[in-house]
Amino acid sequence: MSALNRNNIQDRLKLISKISALILGAIGTIVIAGWLLNIPLFKSILPNSISMKFNTAICFALSGIALGLLNKDKDSFLQKVFLFSCLFFILLLSSVNLYEHFFDKNTGIDELLMKDDLSLVETLYPGRMAPFTAIDFVLSVIAFLTLFLKLPNYKIANTIALFLFATSLFSICEYLYNVEVFANILFNTKMAIHTSIGFFALSIGLLTAQGEKGIIIFFTSDTIGGTIARRLIPLVIFLLLFFGWVQLQGEKLGWYEEAFGEALFSILNILILVIIILWNVNRLIFEETRRKTAEEKKMEAYARIRILSLAIEQSPVTTIITDLSGNIVYVNPTFTKTSGYTSEEATGKNPRILKTEFKTPLEYKEMWDTILSGQDWSGIFQNKKKNGALYWESAVISPVKNEAGLITHFLAVKEDITERKLADEKRKKDEQKLKEHAELLVSKNIQLTDFCNIVSHNLRGPMVNISMLIDFIENAKNEKERTEMLEKLKPVITNLNESFNELVESLQVRNDHELKSEKISLEDALQKILYGMEAEISMYDANIGIDITNAPVINFPAKYLKSILFNLINNSLKYRSPERKPIIKINTKKINDSIILSIADNGLGIDLKMHQKNLFKIRKVFHEHPDAKGFGLFMTKTQVEAMGGKIWVESTPDAGATFFIEFKDQNK
Amino acid sequence: MEKIKNLALIDDDDTFVFLTKKVIEQTNLVEQIKVFANGRDAINFLKENSGKPDLLPEIILLDLNMPIMDGWQFLEDYIHLKPKMGKKITIYIISSSISPHDIERAKGISEVSDFIIKPVTKEKFISMLNQL
């Protein structure tokens, strides 16, 4: 049974005790009123029977107040004083009374407050309460004290309450069967009927006032024993009293002889008791069966749990269970295997013992928000083993809810994905490498194709001419023709020689891996080159504007930079428009790790639609210029690309061209 | 064998032009040889004379590697010009290139009859004419 229900029972017991207090108070008040206003019915209830004495009535009223105060949840000092006063007066009145009974003295206390009314029933001692009444009150004061002082031994109050219960029952029996037990055995003064009822209430009030202690447990127990006690005891008391009374009445009315009545009611009692017992046995059997079924179910559930536990224990994935505040309550052996923490080390700790800086606090907050809202969370952790080694885990964290739907635990199921992750990273690296290799191969292949073209166009062409010329020389008809052919041979060989040298030079650039970059002042380099071109510049009246403040220093092999600048500026002058004076603008711009150099002119320009493809190829010319050889741009591109850079051009025919060169790795 | 009236030689290599002209003249099969130093000059000529079949060449010997406008660019332009031509013109590529890539590319152009690797000898020229 839950704590809630137990509190409920405590409250109910308190309530019963309070009702008892009210009954006591009511009895006392009614009888006091009866004495004060002289109403015989209030004094004795039954006509021609003993009245409750005024002192008894006062004692009941005081007991009622005392019981009420005892059951108050909060007690103040004033209350304590009041309670003690009540007890004191009860004790005073009852103990003096006892003294009178035992030593046969009259102290005058009996009629001190109220003169007895002898017109009702003859009493031996007017105004004096019955001896058992006095004994009960003295004992009740003791019981009150043990309860009030909260003495650990509840048995005293319990025993007294049971004694009170017994005396009241005896007294009720006296009236019921019209016999005088007490008067005949001990004393010759009887209790009034409502005095008996008062003590009945007082005994119940005292039993219930102490809460679930002593005999009351039989009645409040939520076990089958409690159920049977609650069913049997009141019923047996009531039925046996009732049948006894019926038997007696039958005899009095002369329906049957005493012996017959005895036999009849013995059988009746046996029958009734057997029925009651069977009724309860039935209940016991039912309970037992239910308990057995529940036990079997429990065993089944237990077996299931054992199998499931085994599955978790032997599972290759890590399982962690934490309580609501995140403290570990369970880890499986795989957890120990992956993290290095034993179950004992981990239990009671927070899983953040594994934490690294991989996840931000915000990500952790999002995770908590998700699982606290009752949803599953899944993701990847980078965690730290006990020995400090890092590992990766893919995890699913779920809230575990109870029957009421409230989260009680969190369950994390995690898989070590370190190897997978490493393999993944390796695969990515391999792929990247492969890509780089492929790119390199493609570029080498393009270079090879270019080389093949160069060989077939630029070397094979002159070779063909030479072989044809030699044919003609051999077959010449006369000396004149032979001389003519021989003269033609010389420029072809010069051309072949030039082409061959250029080719060798370009191959050297491609393979010149040893060439070191150095920091070169662009201004110095330009000055030297422009100095060498002074004659042309002044002849064409060229205007050369330089703005290199953005990136005044370039990290590049000096030889190449000189060659690049020379070729581009030279081209701008060579392919100037005949209609305008050349204007050349040289700029630099820094972008991240690169410097972009641009050389813009207002010359003839290049028809990019036609020549884009061949722009930087060897022996490709785009203008009918006597000095055009198709080597400058080819060489420039070779030099730029040898250092990982890029070259490109923007141009409008007859408006000018701008060459751009990107120099990489400028932050070294 | 019928004589060819006009033949166009498009090549920038003076020596090669001089020698090839000589070879063709020796065959005595061509009346007139026109020489263009690059594709642009040749295209301009064809455009100007598209309506004059007498001036248009029956055969064009086209070099690939030339300044201003190379052989490939010439072919691109020629494809657009062809329907306006008042005469059937047979084009041979004459190149020093031995690159399989160039040969493949030439085969892909229907206007090109064959890819002839330099030099052009008398025998090669006669067999060319025989295919006409």
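Visitor: Against which elements do the buried residues of α2(B) pack?

Guide: A residue is buried if 20 or more other C-beta atoms lie within 10 Å of its own, exposed if 12 or fewer, and partly exposed in between, with the C-beta atoms placed from the backbone. Two residues are in contact if their C-beta atoms, placed in that way, lie within 7 Å. In this predicted model, the buried residues of α2(B) pack against β1 (4-10), β2 (30-36) and α3 (71-81) of chain B. Helices (H or I, at least four residues) and strands (E, at least two) are DSSP runs, numbered from the N terminus.

Visitor: How are residues and chains labelled, and which parts of the model count?

Guide: Residues are numbered from 1 along each chain as its sequence is written, while chains are lettered from A and ligands numbered from 1 in the order in which they are written. The model is predicted, so local features need pLDDT of at least 70 and side-chain atom pairs count only at pLDDT 80 or more, whereas totals for chains, interfaces and linings use all residues.

Visitor: Which residues of helix α2 of chain B are buried, and why are they on the same side?

Guide: In helix α2 (residues 39-48) of chain B, the buried residues are B:Gly39, B:Arg40, B:Ala42, B:Ile43 and B:Leu46. They lie on the same side of α2(B) because they cover an arc of only 160 degrees around the axis. The arc is that of the directions from the helix axis to the C-beta atoms.

Visitor: What is the order of the strands in the sheet of chain B?

Guide: Strands of a sheet pair through backbone hydrogen bonds, either parallel or antiparallel. Two strands pair if DSSP finds at least two bridges between them. In chain B, five strands form an open sheet in the order β2-β1-β3-β4-β5, with parallel pairing. Strands β2 and β5 of chain B stand at the edges, each with a single partner strand, so one side of each has no neighbour in the sheet.

Visitor: How many bridges join β3 and β4 of chain B?

Guide: Strand β3 (residues 59-62) and strand β4 (residues 90-95) of chain B pair in the parallel sense over four bridges. B:Leu62 stands opposite B:Ile93 in β4(B).

Visitor: In what order do the elements of chain B run?

Guide: Chain B has five helices and five strands, and from the N terminus on they run β-α-β-α-β-α-β-α-β-α. Of its 132 residues, 37% count as buried.

Visitor: Which backbone features deserve attention?

Guide: Most residues other than glycine have a negative phi, and most peptide bonds are trans. A cis peptide bond joins B:Lys118 and B:Pro119, with omega about 0 degrees. B:Pro119 is in the loop between β5 (112-117) and α5 (122-130) of chain B. In chain A, A:Asp541 has a positive phi, near 55 degrees. A:Asp541 is exposed, with 8 other C-beta atoms within 10 Å, and is in the loop between α18 (534-540) and β7 (543-547) of chain A.

Visitor: How many residues does each chain bring to the contact?

Guide: The contact takes 18 residues from chain B and 20 residues from chain A. On the side of chain B that touches chain A, helix α1 (residues 14-27) of chain B gives the most, with five residues.

Visitor: What ipTM does the predictor give the complex?

Guide: The predictor gives the complex an ipTM of 0.86 and a pTM of 0.46. The pLDDT is the predictor's confidence in each residue, from 0 to 100. For chain B the mean pLDDT is 90, and 99% of its residues reach 70 or more.
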